[in-house]
Amino acid sequence: MTEIERLTTGVQGFDELIGGGIPRGFFVAVVGEPGTGKTIFSIHFIAEGIRLGDKNIYVTTEESKESIIRQAAMFGFDFERAIREKKLVIIDALMGYRDDPWSLTDLSVEELVNKIIEAKRFLGYGRARLVIDSMSAFWLDKPAMARKYSYYVKRVLYRWDFTALLTSQYAVTTSLGFGFGIEHVADGIIRFRKSVVRGELKRYVIIEKMRQTEHSLRMYEIEIRDGVGMRVVGPTRYRKEDTVLPASVTARMIVSELQKLLEIPEDVSGSRED
Ligand SMILES: Nc1ncnc2c1ncn2[C@@H]1O[C@H](COP(=O)(O)OP(=O)(O)O)[C@@H](O)[C@H]1O
Ligand SMILES: [Mg+2]
């Protein structure tokens, strides 16, 4: 059997679930509702890259660069130093700073890809980690393009030795992705979830897909702690099905989500009460 090179994620207890880490060169979708831990997972992945001497690029669209640096610092990761030492480039797509060469001035996928390649050239040759957090921002106003854009990003960046995490936001009500584009091109899908159990917010992770990997099929509880960060606590008693709404309810919600996305007025949708 050929040995696959895998990149450890830096999240305690996680790599064991995927046979030791994410295969080099993979594009992995990291999906979930707001507050489930996608950004913190991504920060760990980059911190691990810094530790191992990889080239690291973090694109942030929903938080400023400063916010990512502060969040990382809460878990003991010095991203400012990594930037100074040319181990990390944070591309800020939110603030549009004019005096920062790594700022994105518009949210076009072409500019994004060009900036990432520029950052890779700047960091130099070698194994690289890329986070795009989140991809959803690039097609918020044109969700129908999601799949095409995701494919474009993967095709163009494929040659640059990236192992990439692409985060994507899910709608709170239905868990339906904005444009559900990344999953189609992804080599792996890591899905974060949350639910309130006996009055307490619990977070979970499940690996829905990881090519060339005999991965765990169970849902795991995770926790995020100040000064420490994310870790896998252990498998849950719950199956994925237990936290999902009945199919009929989900179907109705999906139709309404799609109507919103496509801006179809409800009275032409053909649905009726029976
Ligand atoms: N220093 C910290 N200590 C403990 N929990 C934290 C800390 N920082 C953030 N969190 C938790 O992480 C959550 C945010 O996770 P995040 O990865 O940003 O979510 P997502 O990117 O999926 O929207 C917060 O709502 C909070 O519960
Ligand atoms: Mg986030």
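I began with lysine 55 and looked up its contacts, two residues being in contact if their C-beta atoms, placed from the backbone, lie within 7 Å. Leaving out residues up to four places away in sequence, I found that lysine 55 touches Lys120, Leu123, Gly124, Gly126 and Ala128. I note here that this is a predicted model, in which local features need pLDDT of at least 70, side-chain atom pairs count only at pLDDT 80 or more, and totals for chains, interfaces and linings use all residues. Residues are numbered from 1 along each chain as its sequence is written, while chains are lettered from A and ligands numbered from 1 in the order in which they are written.

Is lysine 55 buried or exposed? I find lysine 55 buried, because 24 other C-beta atoms lie within 10 Å; the cut-offs are 20 or more such atoms for buried, 12 or fewer for exposed, and partly exposed in between. Between lysine 55 and aspartate 161, which are 106 residues apart in sequence, the C-alpha to C-alpha distance is 9.8 Å.

Lysine 55 belongs to strand β4 (residues 55-60), where helices (H or I, at least four residues) and strands (E, at least two) are DSSP runs, numbered from the N terminus. I then followed the open sheet, in which 9 strands stand in the order β5-β4-β6-β7-β3-β8-β9-β10-β11 with mixed pairing; two strands pair if DSSP finds at least two bridges between them. Strand β10 (residues 219-225) runs antiparallel to β11 and is joined to it by 6 bridges, and glutamate 221 has glycine 234 in β11 as its bridge partner.

Next I looked up ligand 1, taking a residue as near if its C-beta atom, placed from the backbone, lies within 6 Å of the molecule. The residues around ligand 1 include Gly32, Lys38, Met74 and Asp226. Both α1 (38-52) and β10 supply at least two residues of this shell, and α1 gives the most, with 3 residues.

Last, I checked confidence, for which pLDDT is the predictor's own figure for each residue, from 0 to 100. The chain has a mean pLDDT of 88, and 88% of its residues reach 70 or more. Over residues 268-274, however, the pLDDT is below 50, and this stretch has 4 contacts in the model beyond near neighbours in sequence. Where pLDDT is low, the predicted coordinates should not be read in detail.
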